[in-house]
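Here's a quick walk through the contacts in this model, from chain against chain down to single side chains. Have the structure open as you read.

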Amino acid sequence: MEYFYSYLILASIFVVLGLATNLLVGIAGIFSVSQAAIFGVGAYVTAYCLVNEVMGFLPAVACAAGACLLLNIVITLPALRVAGDYFVVTSFGIQLLATAAFLNWNGATGGASGMAAIPPADLFGYAIEDTGSMLLLCVAAMLLCCLAFYLAMNSPYGRLLRAIREDELAVAASGKPVIPAKAAAAALAGVFGGVAGSLYATFLSFIDPSSFDLNASVLLLSMVVVGGARTLAGSIIGPFVLLALPQVLTMVEIPSTMAAGVRQGLYGALLIAFMLFRPQGLAGQKL
Amino acid sequence: MTDHHRAAISDVAAAPVGRRLFTGALLAGLAGLSRHARAADPIRLGAVLPLTGPSAATGAQEQRGLQFAVTKFNAAGGAGGRMIEILYEDNQGRPDQSVLAFNKLADLNKVPVIFTGYTGPTLAMAPLATRKKVLLVNGAAQGDRLANASPYLINTLPVVRDEAAVAARYLYETGKRKAAILFQNDAAMTSGRDDFAEAFTKLGGTVIGQEQSSFSQTDFRPAILKLTSLEPDVLFVMLTDGLGALAEQVEQAKPGFTIAGTSFFADPTALRQKGSTGWIHTQVRVKAPPETAAAFKQQAGTEMDFFGIQYANAGSIILRTIAGVMTDKAELSGEAIRTKLFAIRQFNEIIPTEFKTNTASMQIDVVKIVDGKDEFVKSYTSE
Amino acid sequence: MLLLQLLVNGLVTGCALGVVAFSFSLVYSTTKIFHVAHAGVYTLAGYLAWSLARAGMPDIVGLIVVPVVCAGFGVVIQRLLYDPLAQRRATHLVVLIASLGLLAIVQNAIAVLWSPDILHFDSTWRVQTIKLVGVTLNYAQIATVVVSVALYGATLFATRHTGIGKRIRAVASNPFLAELTRLHPRRTYAMVMALASALVAVPGMLVGFDLGLQPYTGTTVLLTGTVAVIAGGVGSLTGAFLVSIVVTVLQNLSLLVMPGQWSVGITFLIFVAFMLVRPRGLFAAA
Amino acid sequence: MTVPFLQVSGLNKNFGGLQALRDCSFAIEKGRITCLVGPNGAGKTTVFNAITGFLRPESGSVQFQGRSLDRLPPRAIVRSGIARSFQNLRLYADMTVLENVTSALPGQFGEQPLSAIFRPFRTARAMRQANEQAAGILEHVGLGDQARVWTRNLSYGEQKLLCIARLLATGADLLLLDEPTSGLSGEALDRVMALLRRLQAEGKSQLVVEHNTRVVMAIADEVVFLHGGHVLAQGSPAEITADPALAEIYFGGAL
């Protein structure tokens, strides 16, 4: 059963990340490929606080969320000045920069060796050590984040963000704030990323830079694409499907030496197939 | 996998990509939960290796080595008539995927033993191994923190500290006083750098500079140039990847210092290069007996290299232990295999290996590469 | 002396990167596609050349044949992926994701069909060295510089003075008008993809001769290349080529003052800062 | 002497050597429809951009009801009571007709994420109110039964009306309309013209860029003739059309 639990835990964590990515990329139209970096900052801040016994779990989550909120605003700032594809490259750059920092800032991140023996999460003195309770915590966090996402998107704010994606100039001409709205989207996505990072670090009890690299950012993007952009359902379905996919594909019998490459290749083919034949993903709107 | 499952899955695989694939595949995955091992079934063991991603090269070598040991063991009749089957899982070299794969193998497939490698993923799985009493066998990672990560973690290769200490000792004994270090930025190689620097300094030498390469990098020229300008007596190299390229580039730069390293130097692509002549390295016994190497080449289609040998050795050790457990008619659990392993203690499979702790001790030789062959220089024993 | 050797090293790497950058720029400025899969073509070229060499052909055969094959591959990408996407009115984002998907397919196909290991060419000409004013270079490096600069010159000439070049520039500046004037933008796109893919095949092979081949390294090369494209000003071949060289030379020289592990990170940090100050690049056309 | 409703004085703007506005000055009065005419490239849209803060002129100033608008961002200018439309409409095609209007209503509760997340009921109430208000505006421009339709499915004439509805939603007193009738004919044209007159009767002042002389004659109280970024003449429609020199510039297109 624990296998299924751990799958559900990771999937719920990635749903929270999927919400962040969907908010920026799908809804606000800010094509950020550096959300894994934010996720990593959340994880490292939490790990640092807990390993060095600076504070307890909940304050650490708050710290991580706060740090990610500020940082995400800063790294999204170029999007306010630089348009479209230029920002994509800037965003790729930020992701590579973050990876370099995770790898080389040994004092804070443990460098390539990562940080081990991260204590489990605890709520009001009750340590969450077994997988079952961790699952409850993660699902609860996921539901809260989904609720926040739903409320924000079905409000005048959500409508404002959609309008900004469609036509920034028209929004400005209607006397609405464009830059503060975008910055707020980045902030909200940052909070999601920070919370997800905290849960991830305490669940695995070990983190290293490989979980927060460019590939992870691309994986996040794929989750949103496959699940479906711009909708809550899409943000939830995507992570569940993509995390299950490699596990399911191992059951297809391919010569073992080739299996892995074939699997990863299939995964790329899937992206292309979706883009060609179903750009709205499984349950989203057309990108 | 029963025929029914196989049919279901191939149907799904043939279906057009879309919603159907995922729901179908998910259902098939859930159906798998209900499967149980039967007595006539083969004994299933797990392996969590980086089969894709940047470390895939190493992962493929490890897989070949492990599969070689299993094929050989099965050909010889298996364990009490039961065949061994390895279920390979890909972790892409990432800790989170490793945890998922570990839980899958432990919960769904009920394997008593899981083979793995790489320091980060192994450290992530170690607490799970302790909790679930599944024996985690690390065949190649050498990060120092692995030594005490879990009682259920068996390292069939000495951690890097042992080799680095021997290298430092030998180099100091042969009059080297100024060392520069070139290392790959990953967990094991950075520990190796620290271990060597500590041992060498303690002996009275100085480390005058170090440069880092990233994994899968093959352009070492800037690093070599910079370190050369410091005029060291010796360049200590901690790389698992790209040694062939390093050999080529060193050959072209013709620096005046010795190049030294650890077991990872036994890399066929490096040995083929003229530039590797004169390199000195420590070596846990990585030479397979010639007939083993020939059999491997025939089976796998490639040379038996460092990781191939290590995983063939790790596999043989565990299979031998499992055979022992079966002879005892004990239940085949991770705990039983662990107990039996320490009871046997001394293994003479492909490489002579002894388990005083959960990390193997092996004899460590210092050798010199001459025209792609190792020339024995001196022998030490790891602690 | 160290300084000079590092400088020359950076120059060599930069020339190869420059070809990657300006060929990407050609695609990007004409078709507006952020063609990430360009990195896949770059990688594939090296492996094709390796196979030809294994089959007993001299390396020069690969240098001539492989760009032709890659040109064909480029056309196939355009016809089977980008054209259908355009017909479906896919947004930039959709095309970019599809391109990332293609990159994953190519890289993993290489790992399956060849090997995930590092492969080296067997030929020996490439590692022979000569010493010029205290700087050691091997023949593969010299070939890299000579061929890259030649390709740059030839491409610059072709885009300015040939019919095809003018057509490409016309389509790049206004595809809608070009359609009206029967310049056949789609045919031109295919031509640009062919040309760019043939171009990028060359550094793919030359770097392979010098440093060996790996399935997954193309991504970082391409990203550094796109930095050069944008910093140099989109649409400017010269900007892309020169900034590539400047970037790699600075990366090499930065070793004199700081450890090498930061150089990639610093490169992108400078780029991000640069984008904030000068969002349109150095050599951008007005 | 009373202060003019909108006073544009001495605007200059240069685009890479091209003088788009050259000492451009004119005034318009409250409650009137003023048409801005002139040949292509005369700088009509540039004037709009300068008034609404989308463009910063090198010199000159704009006064609205006695207050200077210089250096104010577009947002502040909309709040002070001037809203503009665009020649290429810039509607939100993937949103409903109603949403196009609600998103222009000023000062809504729940326009930042915090209030939307933590005060969901108040936000829902505000949205209901906004929807009612927007439905009223749509009714007013004659799109009442199209509120739930996707904007991209509207006819061109309906899209033009929606643009005006969106301007009305901002609550501005002065509407700057950039070619509200271009591309329209027959009934659709009549609908827009009727709407503009109706709005005037309700007290909305308008500055309209218009090419169609028939429309200008029908709706304009005042005409401003722009050429080469400079105001050549201002007067009643009859005066302007009577001047053969202006007609030569306009129809001859000569410079």
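How much area do chain C and chain A bury between them, and what percentage of it is on carbon and sulfur atoms?

## Where chain C meets chain A

The answer is about 3,400 Å², with 80% of it on carbon and sulfur atoms. Buried area here is the accessible area (1.4 Å probe) that two parts lose on being put together, summed over both. The biggest giver is α4(C), with 13 residues. Sort that side of chain C by residue type and you get 30 nonpolar, 8 polar and 4 charged. For that sorting, Ala, Val, Leu, Ile, Met, Phe, Trp, Tyr, Cys and Pro count as nonpolar, Asp, Glu, Lys and Arg as charged, and the others, Gly among them, as polar. Helices (H or I, at least four residues) and strands (E, at least two) are DSSP runs, numbered from the N terminus.

Counting residues in contact (heavy atoms within 4.5 Å), chain C puts in 42 and chain A puts in 38. Salt bridges between chain C and chain A come to 0, where a salt bridge means a side-chain nitrogen of Lys or Arg within 4 Å of a carboxyl oxygen of Asp or Glu. Across the interface of chain C and chain A there is 1 residue pair in polar contact (both at pLDDT 80 or more). A polar contact is a pair of N or O atoms within 3.5 Å; within protein, one must be able to donate a hydrogen and the other to accept it, and residues adjacent in sequence count only if both atoms are side-chain atoms.

## How to read the numbers

This is a predicted model, where local features need pLDDT of at least 70, side-chain atom pairs count only at pLDDT 80 or more, and totals for chains, interfaces and linings use all residues. Residues are numbered from 1 along each chain as its sequence is written, chains are lettered from A and ligands numbered from 1 in the order in which they are written, and side-chain values use heavy atoms, with hydrogens and water left out.

## Chains that don't touch

Chain C and chain D do not touch, with their nearest C-alpha atoms 9 Å apart. Chain B and chain D don't touch either, and there the nearest C-alpha atoms are 25 Å apart.

## Inside chain B

Chain B splits into domain 1 (3-30), domain 2 (44-159 + 287-361) and domain 3 (161-285 + 365-381); such bounds come from an automatic or database domain assignment. The C-alpha centres of domain 2 and domain 3 of chain B are 28 Å apart. In the contact between them, 18 residues of domain 2 of chain B meet 15 residues of domain 3 of chain B.

Together, domain 2 and domain 3 of chain B bury about 1,600 Å², with carbon and sulfur atoms giving 59%. On the domain 2 side, Asp144(B), Lys287(B) and Phe306(B) lose the most area, together 32% of what that side buries. Between domain 2 and domain 3 of chain B, there are 0 salt bridges and 0 residue pairs in polar contact (both at pLDDT 80 or more). Helix α12 (residues 306-327) of chain B gives the largest share of the domain 2 side, 3 residues. That side of domain 2 of chain B divides into 9 nonpolar, 5 polar and 4 charged residues.

## Inside chain D

Chain D comes as domain 1 (1-81 + 172-255) and domain 2 (95-169), with 27 Å between their C-alpha centres. Their contact uses 19 residues from domain 1 of chain D and 10 from domain 2 of chain D.

The two domains of chain D bury about 1,100 Å² between them, 67% of it on carbon and sulfur atoms. Across this interface in chain D you'll find 0 salt bridges, but 5 residue pairs in polar contact (both at pLDDT 80 or more). On the domain 1 side, β7 (174-178) and α7 (186-201) of chain D each supply at least two residues, and α7(D) gives the most, with 7 residues.

## A few side chains to look at

What joins chain A to chain D in the pair Arg162(A) and Glu99(D)? It's a salt bridge, with the closest N and O atoms 2.9 Å apart. Arg162(A) sits in helix α7 (residues 156-166) of chain A and Glu99(D) in helix α3 (residues 97-102) of chain D, so the pair joins two chains.

Over in chain C, Ser123(C) is in the loop between α4 and β1 (129-132). The side chain of Ser123(C) makes polar contacts with the side chains of Asp59(C) (2.5 Å) and Trp125(C) (3.5 Å).
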